[in-house]
Amino acid sequence: MGKRLTQIATRTGDDGTTGLGDNTRTSKDSLRVHAMGDVDELNSHLGVLLCEELPPAMRELLVEVQHQLFNLGGELSIPGFELLKPEAVAALDEALEHYNGQLPKLEEFILPAGSRAASQAHVCRTVVRRAERAVVALGAVETLRETPRQYLNRLSDLMFVLARVCNRMNGGDDVYWKSERLARKE
């Protein structure tokens, strides 16, 4: 693959704009740039999660998610272009079915806590939700395919499920919310 970045400090963004993949420029506070930034931040948080000890299959899944998020970021940076394929959504559906099948039924709300890996998975989940909101906001004013929105929606569910799996990796459990209303009923 050829070199894509030959210079990092171009100073072209000093005026508050950034270049898109189609060689147009847009404001750094545009909805498109917000969506791109949230997806980029999510990918960085996944990188932190990958610093934890994880089962090989989960690690492989998360690395693939990072690649798909790079595709999503590329798609967002090139209006009208398709990089994220519907098959990526189907892969998340398969992973959800696999990992959710290992978990006991959830009967109470859980807190974003437990092991460090589980807590980081919850951070990823919340950043996915923010990225999803940014993509939905962009889609309200510009035409976007449904695949990016679907991918992010499934990914947030997957990160919740993986957080639960991470909490059980060393014999732990979810950290349950102590509802005062439910406690009064007991």
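**Figure 1. Axis geometry of helices α1 and α2 in the predicted model.** Helix α1 spans residues 31–49, and its axis comes within 9 Å of the axis of α2. The two axes cross at roughly 165°. Angles over 145 degrees count as roughly antiparallel, and α1 is therefore roughly antiparallel to α2. The crossing of this pair is left-handed.

**Figure 2. Residues in the contact between α1 and α2.** On the α1 side, the contact is made by Arg32, Ala35, Met36, Val39, Leu42, Asn43, Leu46, Gly47 and Leu49. The α2 side contributes Leu62, Val65, Gln66, Leu69, Phe70, Leu72, Gly73, Glu75, Leu76 and Ser77. Sorted by class, the contact of α1 with α2 holds twelve nonpolar, five polar and two charged residues.

**Figure 3. Axis geometry of helices α2 and α3.** Helix α2 covers residues 56–77 and helix α3 covers residues 86–100. Their axes lie 12 Å apart, and the helices pack at an angle of about 155°. This pair, α2 and α3, is therefore roughly antiparallel. The crossing of α2 and α3 is left-handed.

**Figure 4. Residues in the contact between α2 and α3.** From α2, the residues involved are Ala57, Met58, Leu61, Val65 and Gln68. They meet Ala88, Leu92, Ala95 and Tyr99 of α3. The contact of α2 with α3 comprises eight nonpolar residues, one polar residue and no charged residue. Val65 of α2 takes part in this contact and also in the contact with α1.

Terms used
Residues numbered from 1 in each chain as written. Predicted model: local features only at pLDDT ≥ 70, side-chain atom pairs only at ≥ 80, totals over all residues. Heavy atoms only, no water. Axes fitted to C-alpha atoms, helices over the stretch in contact; angles between N-to-C directions. Helix = DSSP H or I, 4+ residues; strand = E, 2+ residues; numbered from the N terminus. Parallel < 35°, antiparallel > 145°, perpendicular 65-115°, else oblique. Left-handed = near helix turned anticlockwise from the far one by under 90°. Contact = heavy atoms within 4.5 Å. Nonpolar A, V, L, I, M, F, W, Y, C, P; charged D, E, K, R; others polar.
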